[in-house]
Amino acid sequence: TLSWKQGSAPYYVSINNQAPVLYTAVDSIVLDSLCHGDTLLISITDSALNQLSASATIIEMQCISCPCTPGINIGAAGDTVYLSQLISNNTLPADSLADTCLSISGTLHIDVNYIIADMEIKMNPFATVIIDQNIQLLMHDVHVHGCDTMWQSWVASPFVYLNAKRCNIEDGIVALRIEPDALVILDSVHFHANDIGILLNDADANSTAMNYSSHYLSNCRFDCTGDYLLPPYASQTISRCGISANNHQLDLIDYNEFYDMLNGVVGVNADMTIFGCRFKNIRHNDQSLASSAGYAILSDNQIMCSLTVDGAISSIAAPDDLIMNNCRVGISLKKANLSCYNNRMQTMTIGIAMEQCQDAYIKIADNLIRCRQRGVYVKNSMPFAKCNISNNSIYVNSPNSIGQFVKYGGIIVEGNNSQSGSFEIFNNSIELDTSRYGIFINSCIGGQLADNSISMINEKPNYGIYMSNASKFLVSCNSVWGNGADATMSIANNLHLP
């Protein structure tokens, strides 16, 4: 609000060099189009031709940058309002709100059961909506978005029931935060251009205990296709991740898709089950992000957790048969048990990578992996409780400039000079173009390599099976097919040339 106390009416007021506007009997006006960081140029002339000119920069966020005109505007930056209060003072109707536009500033607590349908919700800078404990909120056909800057979050508190269908949610720093013991059902919800789409999070950041909530997502999409994020994330071209689970179990047991993001699903100290989901264009162009981006699925734990990824289970017909397409890493895990079946990966840099998985149960079977560096990469994970890598089809086409000692290939195992435990690699089909190794085993004690078929289709010096500092392995009935005299294998009696 701009106000003045001197002079006599009428007044001519010019804002930001626009044409003067005549005010006949007021000494204040509301400037509803300005917000944080804007420059304000003011010129006021009264009837006696007294003139005041000034300039200022707006330093407080007491503004509405996303007004609804027409519609309903509630709250102010820094304020906290409750839905029950808005109902009691007739700002909002009881029970439900539909077919309108609602602009939210500050923090809105939904503290009564409510229905929101067929409408637009504009979130002002850093606005937050908190669904209070034990509240039921139903939403369908709602478009939630920001205007000039990102907004903060919608929060499903413990013991909340949230059911949302056919909604679009955009421009949130954390679009939806699900706290332990909430029940959330999302059907055909589109999360677009958020920094994080969904965060499942324990309130205690230092906790390593696993927390649980009931959540069911079906036919949801997470993407940032073709857009930059709004300020203050304007330099970030794509979302950080679709779903992040911290100290919290995550169950995605139906078809959902993750496109054009830095990461798809990220779990930290999280048990995760992912069935029938699709991941595409999970990459980055900034080498400074190489260790933190480009994961379709990342399980990064300090305690032993479990990850299950099955590409074949989905109640909705997939648009294609690729589970992962054009991702830097398909599945990466640390300190986790893994069950990985029926996944079809194409244009990957690395298909599956694991590290520090001592005493884990690993099953990698019936997957199709087309990659540029490594199909399956195992590093410093011995001894296993049980590790079985079987019945996979792996195609590796590495860059022609690959160095002599770069370990690119179908299955690469780098141990730590310890017992391998129960470790089996059998009945895999591996095809190499310019990559160096079909199967590479280093610094491992004990295991079995059997019935693997390795085809090398170029004349570069390659190895079908290469074992270094490896002992007590049973190697039997493996076939290596070479194209040219330089195609060699370190275990000669398993070499079969056409």
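Guide: The model here is predicted, with local features needing pLDDT of at least 70 and side-chain atom pairs pLDDT 80 or more, while totals for chains, interfaces and linings use all residues. Residues are numbered from 1 along each chain as its sequence is written, and side-chain values use heavy atoms, leaving out hydrogens and water.

Visitor: Is Asn392 buried or exposed?
Guide: Asn392 counts as buried, at 1% relative accessibility. (Buried is under 20% relative accessible area and exposed over 50%, with partly exposed in between, using a 1.4 Å probe and protein chains only.)

Visitor: What is Asn392 in contact with, besides its neighbours within four places in sequence?
Guide: Ile364, Ala365, Asp366, Asn367, Asn427, Asn428 and Ser429. Contact means heavy atoms within 4.5 Å.

Visitor: Switching topic: how many aromatic pairs does the structure hold?
Guide: There are 10 of them. Rings of Phe, Tyr and Trp (its six-membered ring) pair if their centres lie within 6.5 Å; planes under 30 degrees apart are stacked, over 60 edge-to-face, the rest tilted.

Visitor: Why is the pair of Phe258 and Phe279 stacked?
Guide: Their planes are at 10 degrees, with the ring centres 4.9 Å apart, so the pair counts as stacked. Phe258 belongs to strand S26 (residues 257–261) and Phe279 to strand S29 (residues 278–282), so this pair links distant parts of the chain, 21 residues apart.

Visitor: Are those two buried or exposed?
Guide: Phe258 is buried at 0% relative accessibility, and Phe279 is buried too, with a relative accessible area of 3%.

Visitor: What about Phe384 and Phe423, how do their rings lie?
Guide: That pair is tilted, because the planes are at 35 degrees, with centres 5.7 Å apart. Phe384 lies in strand S36 (residues 384–390) and Phe423 in strand S39 (residues 421–426), so the pair ties together parts that are 39 residues apart in sequence. Phe384 is buried, with a relative accessible area of 4%, and Phe423 is buried at 3% relative accessibility.

Visitor: New topic. In which sense do strands S11 and S13 pair?
Guide: S11 (residues 107–110) and S13 (residues 128–131) pair in the parallel sense over 4 bridges. Pairing needs at least two bridges found by DSSP between two strands. Leu108, for example, has Val129 in S13 as its bridge partner.

Visitor: What does S13 join on to in parallel, with 4 bridges?
Guide: That would be strand S15 (residues 151–156). There, Thr128 has Ser153 as its bridge partner in S15.

Methods. Helices (H or I, at least four residues) and strands (E, at least two) are DSSP runs, numbered from the N terminus.
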